[in-house]
Amino acid sequence: STYPEFTALDAKWRNHLRTPKPVAADPTNPTKGNNEKFYILSMFPYPSGSLHMGHLRVYTISDVLSRFRRMQGYDVIHPMGWDAFGLPAENAAIERNVSAKSWTEKNIKAMKEQFEAMGVAFDWDREVTTCSPDYYAHTQRLFLQLFKHGLAYRANSTVNWDPIDETVLANEQVSASGHSWRSGALVEKKDLEQWFFKITAFKEQLLDDLETLKDAWPERVRTMQKNWIGKSSGSKIRFPVKVGDAESKVEVFTTRLDTLPGVQYLALSTAHPLVTAAAEGNEELQKFIAEAKANAAAAGPENKSKRGFLLPGIECRNPLLGETMPVFVAEYVLEGYGEGAVMGVPGHDTRDHAFWLENCPNEPIRTVVEGTTEASTKEEGIFTKKGKLTDSTGEYCGLSSAEAVKTFLEKLGPEWAEESTQWRLRDWLVSRQRYWGTPIPVVHCKSCGIVPVPDEDLPIELPEGINISGKGGSPLSKAEEWVNCPCPACNAPAKRDTDTMDTFIDSSWYWARYIDSKNPKELVSPEKADKGLPVDLYVGGVEHAILHLLYSRFIAKFLASSGIWPNPSNNTAEPFKKLITQGMVHGLTFTCPETGRFLKPEEVDVFPSNEEAIMRIGGKVPNKSWEKMSKSKYNGVDPVTCIGNHGADATRAHVLFAAPVSDVLNWEEFKIVGVQRFLLRVLKLAKTNNFSAVEPELEKFNDTEKTVWNILQQTVKNVTEAFADTIALNTTVSDLMKLENSLSANLKGCSPAVQYHATQSLLRLLAPIAPAVAEEGWETMHKGTKLEGSKVLEMRWPEVDTREVLQSAKKDIAIAINGKVRFTLQVEEELGGAEQSALLGLVNGHEQWTKWGAGKEVKKVIVGKGGKLVNFMLR
Ligand code: ANZ
Ligand code: ZN
């Protein structure tokens, strides 16, 4: 460690830092805090056992901002807890033969100690742990509330099946390439009865209320939410079909009804009823369907294969034009979207275009829409934009796309066409065939069906001591004693549900629990919900931009609609008023230039500035890049070690300083020394400072004092604004560095009142970022004064003093007597048209004037060019 004093400071101030007290204690400003609540939440961690650099970054941000808000007088809520259910604990149980519970508890204990080293202050009396029965009793209560309101239901569905973890996955947990987000296995399809939450019941609100988050949430996150909900306005069209003598209609959803004259085929999903019927006795088709299903999980919608199967013996007509067209079964048609059927427009839709080229390469392609201006662009040879209908559409030629839609809807009438809105959002599949999760609190009875567990029987605790193999369905089904129970309704022998809940449910409501974390009867009392919610500032990773936030928003809207949170502000029941998504922390990564292999730290000599590196064996220069920290890349940094080396304050300040919050932070540890030197200079200022609690008198300021005052006010303004809108937190550190620079250079020329005022203001501004250093400085400068024993973290945040002190525009003037320059003077006023008496006033009393000019008669005074020289002609 370069400066061991920082770790000593950490140790000295640790206890004080973890128990923040309200600012109302400020003896220099006894105005009470404003007592308004300010709820700052950072996403709770999964208790893996060790904090990583991402944690250091997110919790530094929330800790700094909560200390800032406390100093502003807010009643700050800054809780912490553990997202403690989930697969890693279960896998540890399988692999190491430990209980998931004790593994988790041990990790939580270790991570709490790591938090302490970081100098963060959480309201530990609000702590929640999602795997503890006093928490999941309420997760179960929430489930039953949703059930009671018809928002939790069971349905048979084709589910995504992870063959490695042997569990069902939500659509969201399947990557675009069809792999499990967790195990990486290629996901399969399977039919199972599952529990769902009806998130679609709130789809309009979930979409519309995104508007209220404008400027308060990152634009990118709002867009991702919007796309996920995926509202799409268009039309439903029915195409008449004949199979043998049987007549029926095939419905399709289209956003481009204006392209109806350009439809050249119909494409059906493999699950379409017409396809199922046609597959009977058609082995070739059966084979196609089987292959398509195998592929279905594998590719995202945009990369789907364009394979098609032409259905024989089927006659299909364009309802507008009457002409016949072929009908295909196509892999790219999704069974779960729209009507599971597509009207194929090769001339105007890229996917249809590719399909047509592959399946009907010798057929012409129709163009029915064209641009309205010369500049209208073509993409990949086809026109996909809206425009106007072409000559080839006969009577419709010249209609704009919008007019064409209207015309076709009218012409076809309700039997064949109607306006329609589709949503991409699907209900949330919440059951999991896993052990380490919240048990689903229902009983299955032969005569009563699904019976909710009565409220007074909650929680239904997870049975312990089960042998978990990780194979073959729900582990809970093997806990026979636990499974068999009397039916709560008829008392006959019945069975508990053996699935557990998706862990995203645990985290979908934890933000509400913190407000009333010890309430045994309710998730949160309505009074406390109204008082403590919403979260004013939420800090977390952008990887949660879709699911976790959407689920939390859904639960918030449910809590509001069911009276649990009766009066949400703005009536929008948005859980997170403002959101910051912090960027990742990347580590310096070396690879061998020949093999591409990741190099271990001991294989490379790195010179301090990171500029140069050499492989120890062979002496080659390795390739260098910044990448997400990971064990396999040997580029990780342990935050606790880093803090041990450099001190928590310097580490925190560096984390803030090194990059804007939402940008990637490339971790360059050697740079911490810059922050350390700055902090040491601050401590030195506190030592040399004269204590004088007298208010500075602005009218009497000399120039140096004016300089100091102005930069101080500017810094207070900048830092306050940066903390308040949380966009450029990195600039707070650089602003404080500039202030320190100016104080170190100028304070000697200031009165004790200004010295004291400026230095203690700097310490207040620094306190949220580097609390131990600020407290140390504060203690030093108040030893033996009436503020001895006070704490800077309990002081009020400085406010900008709006009184102006204008820096004088003084310039040097040469004073000549009878043509000979004798001395210089600093003069503020313009001398051009000054009276002789005023000019005499300037020089009177100056020792040089007394020596050369006193007592002599003034004949004439000449002010020279530019007012820089005054010549007194004396006799
Ligand atoms: C004809 C057409 C012509 C289309 C054109 C687009 C452009 P969004 O915006 O995502 O809602 N579609 C409809 N159902 C589908 C399904 N089950 N599987 C795959 N694709 C489906 O997309 C709506 C468009 O997606 C619809 O509009 C339809 O193609 C296609 F120049 O109809 B369109
Ligand atoms: Zn019963």
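Tutor: Helices are DSSP runs of H or I, at least four residues, and strands are E runs of at least two, both numbered from the N terminus. This is a predicted model, where local features need pLDDT of at least 70, side-chain atom pairs count only at pLDDT 80 or more, and totals for chains, interfaces and linings use all residues. Residues are numbered from 1 along each chain as its sequence is written, while chains are lettered from A and ligands numbered from 1 in the order in which they are written.

Student: What follows H16?

Tutor: Gly 563 follows H16, with a positive phi near 85°.

Student: What should the 15 residues of helix H16 span?

Tutor: The expected span is 1.5 Å times one less than the number of residues. For H16 (residues 547–561) that gives 21 Å, and the end C-alpha atoms are 21 Å apart, which agrees.

Student: How many residues of H16 are buried?

Tutor: Buried means 20 or more other C-beta atoms within 10 Å of the residue's own, C-beta atoms being placed from the backbone. In H16, 12 of the 15 residues qualify, so the rest of the structure largely encloses it. Among them are Arg 553 and Lys 557.

Student: Which elements cover the buried residues of H16?

Tutor: Contact means C-beta atoms, placed from the backbone, within 7 Å. The cover includes helix H5 (133–148), helix H7 (219–229) and strand S19 (428–429).

Student: How many residues surround ligand 1?

Tutor: A residue is near a molecule if its C-beta atom, placed from the backbone, lies within 6 Å of it. Here 18 residues surround ligand 1, and the closest are Ser 232, Thr 254, Gly 338, His 348 and Asp 349. Strands S9 (246–254) and S15 (341–344) each give two or more residues to that shell.

Notes. Contact = placed C-beta atoms within 7 Å.
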